Amino acid sequence: MAKHHVTATVNGDEVEFLCETEETLLDVLRDQLHLTGSKEGCSSGDCGACSVTLDGRLVCSCLVLGCEVGGRSIQTIEGMAAGERLHPLQQKFLEHAALQCGICTPGFLVAGKALLDRNREPTETEIRYWLAGNLCRCTGYDKIVKAVMDTAAEMRRG
Amino acid sequence: MADTFTTTFDQAQSYVGTRTVRPDGLDKVTGRARFAADFDLPGQLVGRVLRSPHPHARIVSIDTSKAEALPGVKAVITRDDFPDQSSEFVPAGEMMMNYRDVVRNVLAREKVLYEGHAVAAVAATSVAIAKKALKLIDVTYEVLPHVIEVREAMAPNAPLLHEDLFTVGVEPKPDRPSNVAKRIEIGHGDIDAGFAKADVVVEREFNTAPVHQGYIEPHAALASTSEDGSAEIWCTTQGHFIVRAHCARLLGMDIGKVRVTASEIGGGFGGKTVVYLEPLAVALSKKAKRPVKMVMSREEVFKSSGPTSGANVKVKIGAKKDGTFVAAWAELKYQAGAFQGSPVQPGVMCAFAPYDIENVKVIGYDVVSNRPKVAAYRAPGAPISEFAVESVVDEIAKKLDIDPVELRLQNAAHEGTKAAYGPKFGPIGLEETLRSVKKTDHYTTPLQPWQGRGVASGFWFNIGGETCVSITVNEDGTVSLMAGTPDIGGLRASLANVAADELGVPYDKVRPIIGDTGSVGFNFLTGGSRSAFSGSMAVVEAAKQIKDDLCRRAAKLWEMQPDQVEFVNGYVKPIKENDKAKPMSVADMAKVAGKTGGPIGGVGRINAQGAGPSFGTHLVDVEVDPETGRVTILRYTMAQDAGKALHPSYVEGQFQGGAAQGIGWALNEEYIYGPDGKLQNAGFLDYRMPVASDVPMIDAIIVEVPNPRHPYGVRGVGETPIVPPMAAIGNAIEQATGIRFSELPMSPPKVLKALKEKGLNKPVTGTGTNGGSGKHKH
Amino acid sequence: MARVVLVGNLVQITGGVAEFDLAASSVKQLFELLTERHPPLGRHLEEGVAVAIDGQIYQDALHEPIAPDSEVFVLPQIAGG
């Protein structure tokens, strides 16, 4: 079976790759583009560790096929910081100790940013339901939610 | 331009106890940090495992010839590639392992003992070829009847897992094998006399379903071997020295020829203290003469790695009218999985540990059954036994009409109390945690109908263990710190706090890393709530060596005797002020290291003793939905004794994380087996762990009753948080509904069924309103 | 003489005897004395026990001193997760 030839944009850069039909976007990001920040926790879209945005929409990259993203724009955790300047959410995660083992952190950051890009004043409940697609086993979510709330407040202050 | 140190040091700056930013944080928030599956080596092969589809079967034959012949397959291994191990307990680090069981768990030999048991493994040039190769391996099974539930496994005619398993701990010794590996008993006093003088006796039986540690990162390992028989392994593990010991033993290698690097670890909670893939990857790599990378799927994690025990627990407590506990008895039956070794022993020891009771007897049974060999899960054994005990304590409180916190305070263990398992306690913080919780406004906030409040306490012993930390002062005065216990959740930050204070250097000049087994001396694994406790002790020891050495060097420079020099707050200085001997900072001394004897460093090598137990008390408000049986956690407050919180954010993090796992264990998590002995919910959709919308903020109160045996007073904290939640929630549900649940999890179908039996449920309304809000009458 | 108590299954090896008064000045000596009295104990003491001396729990601490009036418990080993 011939592979698919795909060009797309990842974190603002044009990329080109070959993939099998059954290879997921997560496989492509990790194995071919060597962007290992997105993690594989379950391969069934239940844990959110592989979260990326696809044309601005939050998705589980394990549920997207590599051959589906031709001509589209993908943002991963690696593209969140602007050079040496962390995104405010990344900074707040550090300040609030919103990570312990860190495996779920890329997914939460991508998901959290996707929320803040849409909703500048999320309530605690809105944050919790938005992030319900991301599993964390270490933190109990308390400090994660606080970090998102604090980031929203800081971004509103400009 | 490199930072320069000023010669004045802010004496007031102390890092221990402050919320510094963790040094490994930037890599983790940018995706740079490398977990085990993020490593690759040139030429690496993909390794995959063939696993048993049957919960119990004899292996008649394994034919790998077709798989070996498939182009792209570079190695196939089976039980024949691992020498058999005799049945004896051998030290593996500090644990005693029966390697006969370990080698059989890693790859089945005579029998497969659970669905998912590894039978063979292949290494191939691609995932597709590896998958195809597995299908080409012919295994002939003779399927046997299986047994899973613990009481069923103990029944006289239950299917037998091991023909050579005779119960240890019963007299007379049994002449027939069974599935009961061990019976244990502890106690003191005379419980019959004790119950005889009780005014109230409550006896209950509980059943808890097995649960999994639920770490988000699946097991993964990458092994590379070379022609002289040495091996390098990168893996996700809580104990890379233990991985080294196991691989060396199983494959007949010198320990010194195996070098293991622990990657960043995506959660462990006890489940990554054993080996699954590592020995297979090494064996495949040896055969294929290429690196082999193996990663478990989520389904494999659930089916093939070690979850915890399901259990049956009976508890009976007798108390006088005034609330004094006079007698306590419990019988625990824990599943060990396919091989013996459930945590029933610590479960037995912890059951009544929070209390001062004159007459105690606890019996435990370690029972094998056809599911994966259980691995440790955060305070192994204690959550189950203390769930049962704390539920009965709650019933006694209600029967005697005594406030549940007051009843616990009345009977609480304190310094000098003889623990249920024997020795007297040193200083402990149980009473402080009870009082902290009672003082909160959470405790007195009024409740609405269908809401309830519950409280429970818990404890873990905590351990110390072998630890080696190496500190080096670099030429520019920065400090490199190498620890050897994988950092699961903030260890590097905590150790850096201590090193910075001990040496009087700014926190951001300390760079902590976790060394591999070739770079730092032996370290026991991260577990047992030991890494911050032991690691910080070793840091103090290493720092002391450096400080003594700096004094000797300065003395030479100043032409004094070493005893005329001291190290205070980051400076060596003469004890008597001297114009010719100006104080020198660590950085100043570093510049002249070569001239004064060579590189500056210290190594703390200890077997840390004196771990202090950590007690905790949890308070929870729940709301039960009478239409769906769903239990919502409204509010959660917890207080736990940390001795001294080296880094408060990560201590709180341990508290909150453990509580959330307990919430999942209480309300939704369980292994669901079909009648065919196969796991029906081997994925995160149906193995339902708490998500952000399932829990509220968790208020964590750090109590500090210093541990006199630690230089900073530290107590381990990681495990205790998972012990109280299930009972606290069960007690809250009882208050909300009048129903005492004796089965875990208290999931919506079970709650609804119990409500229906009592005629308390509400039919689901067509409008789909949230039944839990607003006022309802019972 | 230190008062020594065996906790758990070790009691079965000694035929039910759980308490001893032993003139042991270290954990190592304690194990030797116990094994002298009940030889099958030796293997179990080697296989892994914890020792609590006056309330402090030690593991792998053969040279830990025991005072003449110490209270000593021999316990199963404790680990964690």
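I took a nonpolar core to be a set of buried Ala, Val, Leu, Ile, Met, Phe, Trp, Tyr and Cys residues joined through C-beta atoms within 7 Å. Buried means that 20 or more other C-beta atoms, placed from the backbone, lie within 10 Å of a residue's own.

The model is predicted; local features need pLDDT of at least 70, side-chain atom pairs count only at pLDDT 80 or more, and totals for chains, interfaces and linings use all residues. Residues are numbered from 1 along each chain as its sequence is written, and chains are lettered from A in the order in which they are written.

**Core.** I looked up the largest nonpolar core and found 328 residues. B:Val122, B:Ala221, B:Ile233, B:Ala281 and B:Ala499 touch the most other members. Helix α15 of chain B (a DSSP run of H or I, at least four residues) gives the most to this core, with 11 residues.

I then checked B:Ala499 for contacts (C-beta atoms, placed from the backbone, within 7 Å). Beyond four places in sequence, its partners include B:Val539 and B:Ala543.

**Sheet.** In chain B I traced an open antiparallel sheet in the order β22-β23-β24. Strands are DSSP runs of E, at least two residues, and two pair if DSSP finds at least two bridges between them. β22 (565-568) and β24 (584-585) of chain B each have a single partner strand, so one side of each lacks a neighbour in the sheet. β23(B) (571-574) and β24(B) pair over 2 bridges. B:Tyr571 has B:Ser585 as its bridge partner in β24(B). Helix α15(B), residues 531-557, packs on this sheet and touches β22, β23 and β24 of chain B.

**Chains.** Chains A and C do not touch; their nearest C-alpha atoms are 14 Å apart.

Notes: Two residues are in contact if their C-beta atoms, placed from the backbone, lie within 7 Å. Axes are lines fitted to C-alpha atoms, for helices over the stretch in contact, and angles run from 0 to 180 degrees between N-to-C directions. A residue is buried if 20 or more other C-beta atoms lie within 10 Å of its own, exposed if 12 or fewer, and partly exposed in between; C-beta atoms are placed from the backbone.
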